[in-house]
Amino acid sequence: MVWGGISLGAAQPSMVLARGSLTAIRYRDEILRPLVRPYAGAVGPGFLLMQDNARPHVAGVCQQFLQDEGIDAMDWPARSPDLNPIEHIWDIMSRSIHQRHVAPQTVQELADALSPGLGGNPSGDHSPPHQEHAQAL
């Protein structure tokens with residue numbers, strides 16, 4: 001699973017790499033709580049979370065978490081990837097991976113393949129989404 005976050009004022013996108021599938025619980029515990037919540041607090045009352053309608057994003061446990069934390073999320077039309085600006089980041093990442101002669105076999109190899117396309121080096125921290133990082137979970 002690769003999760004990415006972008007922000008209007010950010011110099012770099014944020015990236016989290018994790019083994020396995022993204023469930024609603026993992027999304028809440030590994031993305032929303034440690035990354036989105038602090039960033040929303042730093043931005044302040046004008047923060048608006050934009051996410052697509054992936055099952056973990058719209059699951060009750062995640063919607064409840066956002067409501068409890070006072071984080072507003074944008075209503076998102078179904079099947080509308082062309083409206084989502086992060087699709088450009090996914091395109092850059094895909095091109096970076098496909099330029100390699102051998103497909104990445106590990107999370108670290110994937111992080112290494114993605115770094116040049118994002119203009120940074122993966123680090124192991126949980127910096128706010130305004131700073132690029134990759135975390136192998």
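Reply: Helices are DSSP runs of H or I with at least four residues, strands are runs of E with at least two, and both are numbered from the N terminus. Here, glutamate 30 and arginine 26 both lie in helix H1 (residues 24-43), four residues apart, which is about one turn of the helix. The model is predicted, so local features need pLDDT of at least 70 and side-chain atom pairs count only at pLDDT 80 or more, whereas totals for chains, interfaces and linings use all residues. Residues are numbered from 1 along each chain as its sequence is written, and side-chain values use heavy atoms, leaving out hydrogens and water.

Me: What joins the side chains of glutamate 30 and arginine 26?

Reply: A salt bridge is a side-chain nitrogen of Lys or Arg within 4 Å of a carboxyl oxygen of Asp or Glu. Glutamate 30 and arginine 26 meet in such a bridge, at 3.1 Å from N to O. For burial, under 20% relative accessible area is buried, over 50% is exposed and the range in between is partly exposed (1.4 Å probe, protein chains only). Glutamate 30 is partly exposed at 22%, while arginine 26 is buried at 17%.

Me: How many salt bridges does a search of the whole structure find?

Reply: The search finds five. One of them links arginine 37 with glutamate 69, with the closest N and O atoms 3.4 Å apart. Arginine 37 lies in helix H1 and glutamate 69 in helix H3 (residues 60-69), so this pair ties together parts that are 32 residues apart in sequence. Arginine 37 is partly exposed at 32% relative accessibility, and glutamate 69 is partly exposed at 34%.

Me: How is an aromatic pair classified, and which one occurs here?

Reply: Rings of Phe, Tyr and Trp (its six-membered ring) pair if their centres lie within 6.5 Å; planes under 30 degrees apart count as stacked, over 60 as edge-to-face and the rest as tilted. A search of the whole structure finds one aromatic pair. The ring centres of tyrosine 39 and phenylalanine 47 are 6.0 Å apart and the planes stand at 85°, so the pair is edge-to-face. Both tyrosine 39 and phenylalanine 47 are buried.

Me: What is the overall arrangement of helices and strands along the sequence?

Reply: The protein has five helices and four strands, and their pattern along the sequence is β-β-α-β-α-α-β-α-α. Of its 137 residues, 36% count as buried. Among contacts with a separation of 6 or more, 59% are between residues 24 or more positions apart.

Conventions: Contact = heavy atoms within 4.5 Å.
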